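Here is a short briefing for a first look at this structure. Keep the sequence and the 3D view side by side as you read.

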Amino acid sequence: MQPVPAFRILLIDDHRLFNDGVKSLLNDQPDLMVCGQVFQASEVLSAIQRTNPDLILLDINLQGSNGIDLGKTILGHYPDLRVLILTMYSQPKLLDETRKAGLHGYLLKDATTHELLQVIREILGGNTYFDTNVADLSSTADNTFSDRFAQRLNLTFRELEIVSLIKEGLNNEQIAERIHLSIETVKTHRKNIYFKLDISKATDLVRFAIEHGL
C-alpha cells in the first residue's frame, strides 16, 4: 500500500526561533511536513509558488507588515490554500478582521502542542477555527489595539505589545524571551516608543499604559 502523502505546510513568521520550533514539531508528525520557511513578507508569494503548500501558518506582525492583509492577498492569488493566523495578540478586533478577510483560523501562540495540531488538521479537513480564548467580540469597541488608537499614537502592534509587557514589569531580557526577539531589537523598539510618546523613563510609560487601559 502506498503511504498517504503528508500535508505540506509553509511557515511565515519572522521570529526565527519560533519558526524553527514549529518546524521541528510539525515534521515529527507523519501526516504533516514543513515545505518551507519564510521570514519576510516580500518573499511569501514566491515561496508559495516554489513550495506548493496546502496550509500556511501566518504571523500577524511581519517586520511591519499586516499578516491579515497578507493572508487576504495570498487567497486572492491562491484561493484553494488554507491560511491559519498564529499570533500572540489576544485581541477581538484582530480575530474579527481575520474572519472577515476570509482566512480559515486564528490561534494564539500560547496554545498547547495538542491544540495546534488539532487546529491544523481541522483546517486541512475543510473546517475553520477561531480561538475561543480570545475575549468576546462584543468588547471590540473598547479594544485598545484598534486602528484609531494605534494611528493616533503612531505605534505599531509590536510597540503596543512591548508597552503592555513593560507594564507587567518585564525587563528587556524578559521581553525578548517572551516575544522571541533579540535584546537589541527590544531596546530599539523601546527607544522608538519613548520618542513617539515623548517620555524618558519606564515609570512614565507605565503611567501612560494605565491611563490608556493597556
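**Helix starts, cores and a recorded site**

At the start of α8, a side-chain oxygen of N171 comes to within 3.1 Å of the backbone nitrogen of E173. This is a predicted model. The chain has 10 helices and 8 strands. Of its 214 residues, 48% are buried.

**Helix α8**
- Helix α8 spans residues 172-179, and its buried residues are N172, I175, A176 and I179. They sit on the same side of α8 because they cover an arc of only 100° around the axis.
- The cover over these buried residues includes α7 (157-167) and α9 (183-197).
- Just after α8 comes H180, with a positive phi of about 60°.

**R178, a residue of α8**
- R178 is located in helix α8. Its relative accessibility is 38%, so R178 counts as partly exposed; the cut-offs are under 20% for buried and over 50% for exposed.
- Leaving aside residues up to four places away in sequence, R178 touches M88, L165, E168 and L170.
- With one of these, E168, the side chain of R178 makes a polar contact through the E168 side chain, at 3.5 Å.
- L165 is 13 residues from R178 along the chain, and their C-alpha atoms are separated by 9.0 Å.

**Helix α3**
- The buried residues in α3 include G67, I68, L70, G71, I74 and L75. Seen down the axis of α3, the buried residues fall within an arc of 160°, so they line one face of the helix.
- K72, G76 and H77 are exposed on the other side of α3.

**The nonpolar cores**
- The largest nonpolar core holds 28 residues. Those with the most contacts inside it are L10, I12, I56, L58, I60, I74 and Y106.
- Each of these elements supplies at least two residues of this core: β1 (7-12), β2 (32-38), α2 (44-51), β3 (55-58), α3 (67-77), β6 (82-87), α4 (92-100) and β7 (105-108).
- Helix α3 gives the most to this core, with 4 residues.
- Back in the largest core, I56 touches L10, I12, I48, I74, L81, R82, V83 and L84, not counting residues up to four places away in sequence.

**D59, a site in the record**
- UniProt lists D59 for "modified residue: 4-aspartylphosphate", in an unreviewed entry.
- D59 is placed in the loop between β3 and β4 (61-62).
- Is D59 buried or exposed? At 3% relative accessibility, D59 counts as buried.
- D59 touches I12, D13, D14, H15, G67, L86, T87 and K109, again not counting residues up to four places away in sequence. Among these, G67 is itself a buried residue of α3.

**The chain as a whole**
- Among contacts in the chain with a separation of 6 or more, 65% come from residues 24 or more positions apart.
- The accessible surface of the chain is about 11,300 Å². Carbon and sulfur atoms account for 49% of that surface.

Note on methods. Residues numbered from 1 in each chain as written. Predicted model: local features only at pLDDT ≥ 70, side-chain atom pairs only at ≥ 80, totals over all residues. Heavy atoms only, no water. Buried < 20%, exposed > 50% of the residue type's maximum accessible area, 1.4 Å probe, protein only. Arc of directions from axis to C-beta. Contact = heavy atoms within 4.5 Å. Polar contact = N/O pair within 3.5 Å; in protein donor to acceptor, adjacent residues only side chain to side chain. Core = buried A, V, L, I, M, F, W, Y, C linked by side-chain atoms within 4.5 Å. Areas by Shrake-Rupley, 256 points an atom, 1.4 Å probe, with all protein chains shown as cover. UniProt positions renumbered as here; feature names shortened; annotations may be inferred.
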